[in-house]
Protein chains: 2
Amino acid sequence: MSPSAFFQELQTLLGDRMSSDLPVREAHGVGFSYHDCQPPDVVVFPQTTEEVVKTVTICAAYSIPIVPFGAGTSIEGHVLALKGGVCIDLRGMNQVLEVNPADMYVTVQAGVTRNQLDELLEGSGFFFPIGPGVNATLGGMASTRASGTNAVRYGTMKDNVLALTVVTVDGKIIKTGSKAKKSSAGYDLTRLFVGAEGTLGVITELTLKLHSEPETIYAAVCSFPTVEAAVSTAIKTIQKGVPIAKIELLDNVMMHAINRYSSLNYEEVPTLFLEFHGSVAEVERQVQKVEEYAYSFGASAFLWEKDEASRKRLWRARTDAAPAALAMRPGAKLMSTDVCVPISQLAKCIVDTQHDIEETKIIAPILGHVGDGNFHLTILIDSEDKAEFARAKALNERLVRRALAMGGTCTGEHGIGVGKLQYMVLEHGESLEVMRAIKQAIDPHNLMNPGKLLPEKKS
Amino acid sequence: MSPSAFFQELQTLLGDRMSSDLPVREAHGVGFSYHDCQPPDVVVFPQTTEEVVKTVTICAAYSIPIVPFGAGTSIEGHVLALKGGVCIDLRGMNQVLEVNPADMYVTVQAGVTRNQLDELLEGSGFFFPIGPGVNATLGGMASTRASGTNAVRYGTMKDNVLALTVVTVDGKIIKTGSKAKKSSAGYDLTRLFVGAEGTLGVITELTLKLHSEPETIYAAVCSFPTVEAAVSTAIKTIQKGVPIAKIELLDNVMMHAINRYSSLNYEEVPTLFLEFHGSVAEVERQVQKVEEYAYSFGASAFLWEKDEASRKRLWRARTDAAPAALAMRPGAKLMSTDVCVPISQLAKCIVDTQHDIEETKIIAPILGHVGDGNFHLTILIDSEDKAEFARAKALNERLVRRALAMGGTCTGEHGIGVGKLQYMVLEHGESLEVMRAIKQAIDPHNLMNPGKLLPEKKS
């Protein structure tokens with residue numbers, strides 16, 4: 001069959017909800033990643049699970065690769081069309097299908113974004129806790145097992161997805177999970193598709209757990225003499241079982257960046273941004289403890305942001321960390337990377353990385369979800385400068401090897417995409433073969449987002 | 001190759017740590033289930049992961065089925081040797097390999113039991129929250145995705161296993177997960193093996209999350225006029241975000257049973273057993289709220305059990321629910337079953353089930369982890385009476401169909417084993433084919449616990 005027959009079938013299905021214009025294709029070929037753009041051959045815009053089924057069926061019949069696409073905010077190259085093919089842009093699937101306050105869940109199409117969900121839930125008494133630093137789609141967030149600042153208390157996408165609708169390469173609609181809070185009925189397919197980066201199927205609908213809005217929220221900023229002191233405070237907070245909602249580390253470089261970008265005047269030293277959720281009594285008890293730990297490790301000051309406006313300003317500054325970093329070197333590209341280590345290793349991992357950054361002579365502010373042992377390096381690079389790019393990649397590689405040597409993982413929340421492919425063997429060893437066997441079983445012709453998550457086997 | 005060659009190879013490996021004596025085989029062929037005993041051909045007692053590898057390799061070479069065995073406390077027939085073969089009794093693998101308070105995890109061999117772990121952690125400031133009603137092994141608890149009374153606050157085994165060591169049928173040692181608290185690096189194999197009931201491999205080691213012991217624990221007993229009133233209190237508690245640690249429903253029949261068995265004199269009406277964890281201030285705030293909800297739904301009394309001794313007596317009575325039920329009909333067998341439904345459907349599901357029990361004229365006390373929408377029926381049967389056995393099975397089936405019709409699952413925490421096999425198609429539809437594909441990929445000759453979890457395909 002000819003490619004034109006393929007295009008014709010797609011067109012019969014979707015009419016003008018497809019495009020092979022170069023700008024459209026290029027807008028779908030890179031995401032927020034530092035990787036080179038690899039545009040798909042065609043971009044389609046389905047509106048229903050049924051349309052995804054038909055698209056996938058047509059692609060499978062012609063052996064055309066399929067790349068699911070959410071908001072295009074992936075930073076590890078998940079959306080690169082390495083082998084061309086069809087990009088399925090799911091943003092048209094942005095319907096909220098059910099809000100169920102009694103059972104505390106919401107069912108959405110995969111293209112609903114987290115901001116859209118936040119707005120929907122405003123005033124409902126419920127919230128959805130997972131928030132990466134960008135306005136990603138919920139389908140994309142599930143696919144990369146995203147987490148963010150609230151994960152220390154509320155878990156990651158893996159903990160907050162109840163059920164999924166997934167289209168597999170054979171055109172079947174798979175429903176995983178149920179509306180029940182727990183189950184022991186068979187293999188946990190929900191947790192298999194969460195984090196599979198579109199390599200096993202296209203997520204088209206998600207049922208997500210809602211959480212009750214806390215009665216009271218306090219936020220605080222706390223300055224420390226050293227990274228060790230800040231991280232030690234985080235460790236003690238976790239070990240003592242304080243159910244802190246956010247505990248974010250920003251190093252001196254990152255503090256400088258956000259002061260500049262957001263016109264703030266925090267001390268430019270290692271800093272924790274904290275948030276506490278609960279009743280007033282609970283929150284005050286938590287605060288009292290964390291303050292005590294912080295001062296015992298040499299914190300200089302606790303700055304309270306109790307009212308909503310100043311709290312929002314604080315977290316807005318945190319959310320703007322990426323543009324703030326970028327403003328330190330206008331025109332630069334961001335090589336954003338993350339690792340996660342056992343919390344006891346975190347201070348050493350960060351300090352060693354800071355020394356490494358210094359030696360590499362690149363600007364790379366550090367930002368961490370330190371309650372989870374997870375931190376980010378935002379490496380600012382001139383992507384035209386090949387030598388610098390190579391130094392940045394080497395820095396990233398040393399970071400990953402450091403984390404793995406400490407019993408950690410090569411990515412806590414960004415995913416593998418193409419950017420971390422080369423570390424999969426080192427991290428997983430023999431279990432990589434089990435992953436490959438699963439991929440082979442579910443997508444035997446390697447059409448679903450090929451080249452992502454699983455490195456090609458060396459023969 | 002002859003079977004005697006097979007036995008000889010096993011014997012060379014394990015010496016006298018294997019047995020084909022009938023009493024030993026029979027002790028390994030049924031667990032706590034109501035199903036007929038199906039003994040394996042031989043029982044082996046390895047002490048290391050390496051010995052499991054060699055055992056599995058020998059079995060695979062001779063195409064001999066393998067049934068992993070923990071404490072034999074499964075109630076859905078997970079350990080029945082449906083096709084004979086080798087039972088791998090893991091109780092000799094009972095070493096604690098690492099206790100890491102700094103990173104809040106413990107690594108154990110699969111044969112360590114929860115009581116053993118509890119004793120080990122006594123006084124450490126940490127605890128492991130998952131406790132089924134029996135002294136199961138942690139390997140078994142992972143394999144059935146167990147949970148228990150604390151799950152409403154602390155999650156199930158799926159949420160509390162960080163990493164696993166698994167032996168697959170090809171004799172490989174697979175390490176899943178890491179010591180980091182979260183990861184986005186590849187397929188979530190940990191969550192795939194948790195709940196796989198030994199059908200994908202033999203779990204030999206587990207790294208488990210520890211939780212900080214709460215500063216304060218309060219327990220209470222609260223009597224209600226109706227099941228609806230008790231469940232409504234549970235629903236409101238959850239919806240309002242009260243982080244309750246345990247919220248257990250016992251119906252009037254179950255209350256009668258435990259009063260009799262444990263010489264207590266609670267009111268024999270629908271009752272909640274509650275536990276609150278936190279600082280004194282937090283706990284008192286939680287209590288205040290739940291009391292308010294309970295009285296608003298017509299609760300007659302809140303009975304506090306603040307001191308440790310009375311609290312222990314309370315939960316001992318709860319833990320003894322199974323023998324207490326059994327004492328109502330000496331000589332009977334227990335057909336224990338559980339379902340889990342969206343919490344909004346729970347009251348109706350329980351009340352409809354109570355009517356059904358009445359019509360069936362069988363004693364079947366109800367016990368529920370109601371914060372999760374999960375409840376148990378402990379059906380007391382004379383297994384010699386075929387008509388009664390059939391009525392009990394029909395009651396179980398109607399319960400499962402009721403739960404599924406409500407958007408729930410056929411088992412919240414007991415697992416599929418053989419007892420719930422027949423509902424897998426109804427619950428999972430097309431996704432069952434994905435489960436079959438995974439099984440086929442990882443265990444192509446169906447040697448790992450064959451006949452469990454996945455129903456045979458009708459041709």
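**Strands and a chain contact in a predicted model**

Three bridges join strand 2 (residues 42–44) of chain A to strand 4 of chain A, and the two strands run parallel. The model is predicted.

**Strand 4 of chain A**
- A:V42 stands opposite A:V86 in strand 4 of chain A.
- Strand 3 (residues 66–69) of chain A also runs parallel to strand 4 of chain A, joined by four bridges.
- Here A:I66 stands opposite A:V86.
- Strand 4 covers residues 86–89 of chain A. A:V86 and A:I88 point one way, A:C87 and A:D89 the other way, and all are buried.

**The open sheet of chain B**
- Strands of a sheet pair through backbone hydrogen bonds, either parallel or antiparallel.
- In chain B, five strands form an open sheet in the order 5-6-10-8-9, with antiparallel pairing.
- Strand 5 (96–100) and strand 9 (173–177) of chain B stand at the edges. Each has a single partner strand, so one side of each is left without a neighbour in the sheet.
- From one strand to the next, the twist averages 10°.
- Strand 5 of chain B pairs with strand 6 (residues 105–109) of chain B over four bridges, in the antiparallel sense.
- B:V99 stands opposite B:V106 in strand 6 of chain B.

**Where chains A and B touch**
- The contact takes 76 residues from chain A and 76 residues from chain B.
- Helix 17 of chain A gives the largest share of the chain A side, eight residues.
- The residues on the chain A side divide into 28 nonpolar, 29 polar and 19 charged.

Conventions. Residues are numbered from 1 along each chain as its sequence is written. Chains are lettered from A and ligands numbered from 1 in the order in which they are written. This is a predicted model: local features need pLDDT of at least 70, side-chain atom pairs count only at pLDDT 80 or more; totals for chains, interfaces and linings use all residues. Two residues are in contact if their C-beta atoms, placed from the backbone, lie within 7 Å. Ala, Val, Leu, Ile, Met, Phe, Trp, Tyr, Cys and Pro count as nonpolar, Asp, Glu, Lys and Arg as charged, and the others, Gly among them, as polar. Two strands pair if DSSP finds at least two bridges between them. Axes are lines fitted to C-alpha atoms, for helices over the stretch in contact, and angles run from 0 to 180 degrees between N-to-C directions. A residue is buried if 20 or more other C-beta atoms lie within 10 Å of its own, exposed if 12 or fewer, and partly exposed in between; C-beta atoms are placed from the backbone.
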